[in-house]
Amino acid sequence: MDQDSPHIPLRERKKQQTRLAISQAATTLFLGRGFDEVSVAEVAHAAGVSKMTVFNYFPRKEELLFDRVPEVTGLLTGAVAGRAPGSSPLDALRRLMHDLAEQGHPLTGFGENIAVFWRTVLDSAALRGFVREVAEELERGLAEQLAAEPGADPLRARFTAALGMTAIRTVFTTTARRILAGEPSAAVAADHAALVDRAFAAVEEARKAF
């Protein structure tokens with residue numbers, strides 16, 4: 001729901017606006033100077049809030065740059081939970097990746113300043129470690145969701161979740177690396193849909209054989 005929606009209480013809207021202001025200030029500073037070169041105190045000053053307020057919204061400094069992790073979590077779990085009867089979890093994730101690509105969502109590896117964003121991540125050991133943590137957390141969440149479905153096999157649920165995240169990481173990193181290498185976004189985008197289908201076709205076969 002949009003933060004300016006009249007259906008959201010005023011207090012909640014203000015909280016959303018503050019969170020967004022902090023995230024935007026942090027992103028501008030991090031992309032301009034590097035994650036490790038900017039302190040939380042500087043982010044707080046740029047956003048016009050206290051350092052404590054920053055930590056109230058973002059318990060870890062890394063979350064300031066990866067502020068959309070909760071949204072990504074919701075997208076993945078929502079796609080799997082809402083899949084059509086007879087559709088596999090991997091097919092639901094494949095369809096989601098296509099939809100996000102059409103929207104230009106950052107999860108696809110596209111988006112404004114994406115090259116600068118990933119250079120900032122690669123230059124920081126803390127951010128690289130955080131990305132690995134997030135990927136593991138997403139995989140664990142998907143596995144738990146699939147294991148909770150009626151008649152589910154917990155081992156197959158973990159295997160399926162791992163396959164899904166492998167496909168997503170493969171597509172994402174391939175696309176991001178090409179953009180970082182300076183390839184035109186249009187050329188990368190033209191190959192993206194085929195790469196999504198290729199990656200998910202491969203992992204779907206592995207799931208069926210398990």
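Just after helix α8, G182 takes a positive phi of about 95°. Helices here are DSSP runs (H or I, at least four residues), numbered from the N terminus. This is a predicted model, where local features need pLDDT of at least 70, side-chain atom pairs count only at pLDDT 80 or more, and totals for chains, interfaces and linings use all residues. Residues are numbered from 1 along each chain as its sequence is written, and side-chain values use heavy atoms, with hydrogens and water left out.

Helix α8 covers residues 154-180. D153 caps its N-terminal end: a side-chain oxygen lies 3.0 Å from the backbone nitrogen of L155. That is a polar contact (a pair of N or O atoms within 3.5 Å, one able to donate a hydrogen and the other to accept it; residues adjacent in sequence count only if both atoms are side-chain atoms).

**Salt bridges**

The whole structure holds 11 salt bridges. The term means a side-chain nitrogen of Lys or Arg within 4 Å of a carboxyl oxygen of Asp or Glu. Three of them follow.

| Pair | N to O distance |
|---|---|
| E62 and R60 | 3.7 Å |
| D91 and R94 | 2.8 Å |
| R178 and D191 | 2.9 Å |

R178 sits in helix α8 and D191 in helix α9 (residues 185-209), 13 residues apart. D91 and R94 also belong to a salt-bridge network with R95 and D197.

**K61**

K61 lies in the loop between α3 (51-57) and α4 (69-81). K61 is buried yet has no salt bridge. Buried means under 20% relative accessible area, with a 1.4 Å probe and protein chains only. The nearest side chain of opposite charge, D36, is 5.2 Å away. The K61 side chain does reach the backbone oxygen of F35, at 2.9 Å.

Key: Helix = DSSP H or I, 4+ residues; strand = E, 2+ residues; numbered from the N terminus. Expected span 1.5 Å × (residues − 1). Buried < 20%, exposed > 50% of the residue type's maximum accessible area, 1.4 Å probe, protein only. Lys, Arg positive; Asp, Glu negative; His and termini not counted.
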